[in-house]
Structures are given as structure tokens and as C-alpha cells.
Amino acid sequence: MNKNILVTGGAGYIGSHTCKALAQRGFTPIVLDNLSNGHDWAVKWGPLVKGDIADRAVLDEIFEKYQPSGVIHFAAFIEVGISMKDPGSFYRNNSCGTLTVLEAMRDHGCDRFVFSSTAAMYGMPNQVPITEDHPQWPINPYGWSKFMVERMLEDFSMAYGTKFCALRYFNAAGADPDGEIGESHDPESHLIPLVLRAAKDPDWNISVFGTDYDTPDGTCIRDYIHVCDLADAHIRALDYLADNESIAINLGTGTGNSVQEIIEAARKVTGDPIVPILGERRPGDPSRLVADRTLAKEKLGWEPQYTDILETIRHAWEWMNR
Ligand SMILES: NC(=O)c1ccc[n+]([C@@H]2O[C@H](COP(=O)([O-])OP(=O)(O)OC[C@H]3O[C@@H](n4cnc5c(N)ncnc54)[C@H](O)[C@@H]3O)[C@@H](O)[C@H]2O)c1
């Protein structure tokens, strides 16, 4: 098997950590990224092709030059709030852009596709922990743009034999423990870097949206999965597709942390009192989103290695202070 793997969006947060993990296991990640939200400094383990996933000519060049044996597809717009205001750009980039990648794969005889899907596929959950067969009905255009890709994947699989593993991540968190790479989003909307910024920057406040949810401390519970555990699962998914059929799999720890628990953990890590502003609920926030990770263990042999939220937050804090 050719050890070249095309990694779209490999200059971004989860993509760059996956490139490091690929290189550690003898693969060469070929990154295709337009740097709309990624960073050239995060591409350290293989070549960077600066280009767009919607550019068929660039994809053809990559497939001809590197003959990748698989594609790991991270490239997408990720901001749920922006997707509500500008859904067109999400459907164009996340759904149509992916279609171009899938067609290029088909035409170049590459049949292994690992996809960054999301827990947003499930919308408002009617049971927690959430299993993969939970009804899929997203509540924002970001989630629908990913839903459409999963639909396309089913059809490509049937018609052209494309094998896919759709990995539905819950909340990515933490950073490379060696400090080589980490999360660097602008704008940032993820809770942990926002809380840590409040510890670092006295002019920065952290807001808690809703303190009256049906949870032990009244704040929302999310499933924070370390970015290195996500990276590991992608490589297992590539291996899995060599001998198995297409599948969709949740990636989460299976336990959740409330917003208050994250703030408390961040206080311990940073030594800062971090005083949040307590606000009203935001529309569309489920009280709990926690993965059932039974299938990931069964099919990929995957289990999270970072299960202590203090450690995950410490890695993010160390990265922020570099
Ligand atoms: N971060 C999370 O918690 C989370 C949760 C669930 C799913 N996901 C999914 O995981 C993937 C990676 O997320 P992330 O947090 O690393 O995001 P990110 O923004 O850090 O990385 C995405 C990368 O894709 C690139 N990109 C975007 N559009 C492109 C295009 N048209 N052509 C080429 N490159 C393009 C960006 O420049 C960026 O480097 C995304 O698909 C996201 O939807 C993330």
C-alpha cells in the first residue's frame, strides 16, 4: 500500500495533529489546505499544497503526483454561528467541496475516505449517551452540510465502491503534549480555549449560557475528546477500511463535563480565579451531548487515552502559553 495519504484541511487543528500521528506511523501526509483557517506553521510532517478542495485541477495534480492510497478529509468551515448567517458558504464549501474530492478519488481509483463528521448530525438528542443509530436531524446549516456529505458517501459507496468511515466527533479539545502544535482558531468559539483566555487576559470575559439546565450544576454537559485521541482514531479508520465495509462511528469519551466543571478544572490548571458572567440559555443548545463509544471500541479497537479533563486542559494551557 502506498504510504502517501491526502489530508485535506491538514493545516487546521485536528488535521495537523493527525498528520503528526500519521508520520509517527510511517505514513506521509500530503496536506491540501487553502489556509482560510489553517496555518502553514502547522504543516510539518509532509508537503503542503496550498489550494482549494473545490479545485479539481489541483486535486488531479495531487493524485497523479503522489498516488495517495487514502484520503482523510478535514477541510470545512466549522463555525455553527456563521453557518446560521451564511448557510450558502457552508453548503458550497463543506458539501459541494467534498463532492469534488469524492469525484477526484473515484476517477483516480482511490477508494478509502475518512470523513470528519460531527455530533451535530444528531441535532437535539432524545437519548444520551448517543448511539450511531440515533435519528439524524441537525438543527443548523453546519450540521446539515455534514449530513449531506454522509448521504453522498452512502451513494458513492453503492455506485462506485468508495469505502468510507464517517467519524462523528463530539468536542475536540487539548493539544499535542509535546507542544509542537495546538488549537489556533480565529474567531474561537470552543469553550476550553475561551475559558483559558479569560485566565490569561484580564480584559477577556467568559460567559456561561444557561445555569438552569436539567444537569447536576445546571450548566450544559459536553463530551470533550482529546485531539490526539481523535488523531489516533483516524489512522485506525484507514486500516479498518482496508478489510471492512463503510461505517459511521462516534468519537467521544463517553463521559461528559459541564461548563462549570470545565471552568473549575481551568482554575486548577491556571491558578486563576476565572469569574464567569452567568447569562441566559442560547436557543438550540441541548443540555447534554455525550457519545456512546461502544462501536469505536468494537470496530476500531479505539479507546480514549486521555480521560482526565485536567490533563486535556493542561495541554491546551501549555500550548496557549507558548
Ligand atoms: N473542532 C471540533 O470540535 C470538531 C467537532 C466535530 C467535527 N469537526 C470537524 O473536524 C474538521 C476539522 O476541524 P478543526 O477544528 O480542525 O477545524 P480547522 O478550521 O482548524 O481546520 C479546517 C481546515 O480546513 C481548511 N479548509 C477549509 N475550507 C477549505 C477548502 N475549501 N479547501 C482547502 N482547505 C480548506 C482550513 O484552512 C483549515 O486549515 C472539520 O471538518 C470540522 O467540521 C470538528
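1. Where does Asp52 lie? The model is predicted, and in it Asp52 sits in the loop between strand 3 (48-50) and helix 2 (56-66). Apart from neighbours within four places in sequence, Asp52 is in contact with Leu32 and Asn34. The Asn34 contact includes a polar one, side chain to side chain, at 3.0 Å. Asp52 also lies 8.3 Å from Gly97, C-alpha to C-alpha, although 45 residues separate the two in sequence.

2. Thr98 belongs to helix 4. Its relative accessibility is 0%, so Thr98 counts as buried. Which residues does Thr98 contact, leaving aside its neighbours within four places in sequence? They are Ile53, His73, Asn93, Phe113 and Val149. One of these, Asn93, returns in the next point as a residue that comes nearest to the ligand.

3. The ligand site deserves a check by eye. The ligand has 30 residues around it, and those that come nearest are Asp33, Phe74, Asn93, Tyr142 and Lys146. An N or O atom in the Asn93 side chain is 2.6 Å from a ligand nitrogen. A ligand oxygen has a polar side-chain atom of Lys146 at 2.7 Å. For Gly38 the backbone is involved: one of its N or O atoms lies 3.0 Å from an oxygen atom of the ligand. The protein buries 97% of the 820 Å² that the ligand exposes when taken alone.

4. What is the make-up of the shell around the ligand? By residue class the shell divides into 13 nonpolar, 14 polar and 3 charged residues. Helix 1 (13-24), strand 5, helix 5 and strand 7 (171-173) supply at least two residues each. Strand 5 has the largest share, 3 residues.

5. Helix 5 covers residues 141-160. Its 20 residues should span 28 Å at 1.5 Å a residue, and the end C-alpha atoms are 27 Å apart, which agrees. Its buried residues are Pro141, Tyr142, Gly143, Trp144, Ser145, Lys146, Val149, Glu150, Met152, Leu153, Phe156 and Ser157. An α-helix has 3.6 residues a turn, so residues three or four places apart point the same way. The packing partners of the buried residues are helix 3 (80-85), helix 4 (87-107), strand 5 (112-118), strand 6 (163-169) and strand 11 (247-251). Two of the buried residues, Tyr142 and Lys146, are also among those nearest the ligand. Just after the helix, Gly161 has a positive phi of about 75°.

6. Helix 6 (191-200) is largely enclosed by the rest of the structure, because 8 of its 10 residues are buried. The buried residues are Leu191, Ile192, Pro193, Leu194, Val195, Leu196, Ala198 and Ala199. Against which elements do the buried residues of helix 6 pack? They pack against strand 7, strand 10 (224-226), helix 8 and helix 10 (309-320).

7. Most residues other than glycine have a negative phi, and most peptide bonds are trans. Leu35 has a positive phi, near 60°, and Ile274 has one near 35°. Leu35 is placed in the loop between strand 2 (28-33) and strand 3, while Ile274 is in the loop between helix 8 (259-270) and strand 13 (277-279). Are these residues buried or partly exposed? Leu35 is partly exposed, at 22% relative accessible area, whereas Ile274 is buried, at 3%.

8. Cis peptide bonds are the remaining item. One joins Val128 and Pro129, with omega about 0°; Pro129 is in the loop between strand 5 and helix 5. Another runs from Asp186 to Pro187, with omega near 5°. Pro187 is part of the loop between strand 7 and helix 6.

Definitions and conventions. Residues are numbered from 1 along each chain as its sequence is written. This is a predicted model: local features need pLDDT of at least 70, side-chain atom pairs count only at pLDDT 80 or more; totals for chains, interfaces and linings use all residues. Side-chain values use heavy atoms; hydrogens and water are left out. Helices (H or I, at least four residues) and strands (E, at least two) are DSSP runs, numbered from the N terminus. The expected span of a helix is 1.5 Å times one less than its number of residues. Buried means under 20% relative accessible area, exposed over 50%, partly exposed in between (1.4 Å probe, protein chains only). Contact means heavy atoms within 4.5 Å. A residue is near a molecule or strand if one of its heavy atoms lies within 4 Å of it. A polar contact is a pair of N or O atoms within 3.5 Å; within protein, one must be able to donate a hydrogen and the other to accept it, and residues adjacent in sequence count only if both atoms are side-chain atoms. Accessible areas come from the Shrake-Rupley method with a 1.4 Å probe; for residues, only the protein chains shown count as cover. Ala, Val, Leu, Ile, Met, Phe, Trp, Tyr, Cys and Pro count as nonpolar, Asp, Glu, Lys and Arg as charged, and the others, Gly among them, as polar.
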